Amino acid sequence: MTGTEFALLSLTVGVGAVLQVSVGFGLGMIAAPVFSLVDPTLAPTVVLLLAAGVTAAVLVRERGSVDLHGCGWALVGRVPGVAAGALLVVMLPAKYLALLIAAVVLTGVAVSAAGYVPRVRRSSVFLAGMASGVMGTATSIGGPPMAMVWQRLSGPRLRATMSAFFLAGSLMSLVALSAAGAVGAHTLHRTALLAPAAVAGVLLAGPLTRRLDARHTRTAAMALAVAGAAGLVAQQLSTF
């Protein structure tokens with residue numbers, strides 16, 4: 001990893017951490033395409049490891065606002081999704097996994113832009129958790145299904161509930177990826193190098209959250225995610 005690549009990844013992690021703390025998701029959507037562009041071996045494992053740390057920090061800060069009942073059903077759904085996602089990581093070549101990451105980002109942005117708001121039922125939360133398990137384990141981007149089903153929650157409740165789900169869900173995904181041989185010395189070393197950027201993003205997000213407009217912040221996150229996904233698609237298609 002060159003100095004320029006390290007700076008790009010650190011900036012991406014820092015911005016993603018700010019968004020994750022501010023709106024409850026964003027680190028995976030922004031970081032996964034960029035990580036895949038720089039080094040495909042870093043996604044999804046390194047992104048999941050960094051996201052677990054960031055979501056833990058959010059959960060500590062907003063722990064009193066968690067919807068434990070809804071989070072529980074989402075985690076039940078995540079279990080079969082994690083198994084399917086780990087299988088995809090093992091079976092798909094790196095090129096197709098990168099394209100899957102881009103497809104997940106673009107689909108998530110499209111659904112969000114369409115304004116679809118599902119009814120919050122036990123079944124819809126379970127299915128969203130399952131979809132998040134597949135997407136989060138295979139690509140490290142598990143936010144869109146949960147953001148869609150929980151979008152009626154208030155700011156602190158949304159951030160806390162999603163953080164509780166993503167912390168537990170990320171640990172589940174990492175256990176599955178470790179069993180599949182996707183967690184090794186290389187990924188742990190890169191995670192340690194990029195951890196300071198995640199910490200900086202969390203610390204910076206504290207004073208910024210009170211000043212940022214949630215709607216504009218989400219729009220900016222989506223725009224950055226689309227740009228990263230488009231660059232990743234262009235890179236992969238150029239090698240066919």
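Predicted model: local features only at pLDDT ≥ 70, side-chain atom pairs only at ≥ 80, totals over all residues.

Colleague: Where does Ser140 lie, and what is its phi?

Modeller: Ser140 is in the loop between α6 (122–139) and α7 (143–149). It is not a glycine, yet its phi is positive, at about 75°.

Colleague: Which residues does a cis peptide bond join?

Modeller: Look at the loop between α2 (27–38) and α3, where Pro44 lies. The bond there has an omega of about 10°, and it joins Ala43 and Pro44.

Colleague: Let's zoom out. How many helices and strands are there in the protein?

Modeller: Helices (H or I, at least four residues) and strands (E, at least two) are DSSP runs, numbered from the N terminus. From that end on, the elements run α-α-α-α-α-α-α-α-α-α. The count is 10 helices and 0 strands.

Colleague: Why is the protein called as compact as a globular protein of its length?

Modeller: The radius of gyration is taken over C-alpha atoms, and the globule rule is 2.2 Å times the number of residues to the power 0.38. For 240 residues that rule gives 18 Å, and the protein is close to this, so it is as compact as a globular protein of that length, with a radius of gyration of 16 Å.

Colleague: What share of the residues count as buried?

Modeller: The C-alpha atoms fill a box of roughly 45 × 40 × 35 Å along the principal axes. Of the 240 residues in the protein, the share that count as buried is 49%.

Colleague: How do α3 and α8 pack?

Modeller: Two packed helices are described by the angle between their axes and the distance between the axes. Axes are lines fitted to C-alpha atoms, for helices over the stretch in contact, and angles run from 0 to 180 degrees between N-to-C directions. Here α3 (residues 45–61) and α8 (residues 155–179) pack at an angle of about 145°, with axes 8 Å apart.

Colleague: What kinds of residues make up that contact?

Modeller: Contact means heavy atoms within 4.5 Å. Among the residues involved are Leu48 and Leu49 of α3, and Phe166 and Leu167 of α8. Ala, Val, Leu, Ile, Met, Phe, Trp, Tyr, Cys and Pro count as nonpolar, Asp, Glu, Lys and Arg as charged, and the others, Gly among them, as polar. The contact of α3 with α8 divides into 12 nonpolar, 5 polar and 2 charged.

Colleague: Which residues does Leu188 touch, beyond those up to four places away in sequence?

Modeller: Leu188 sits in helix α9. With 46% relative accessibility, Leu188 counts as partly exposed. Its partners are Leu49 and Val183.

Notes:
Residues numbered from 1 in each chain as written. Heavy atoms only, no water. Buried < 20%, exposed > 50% of the residue type's maximum accessible area, 1.4 Å probe, protein only.
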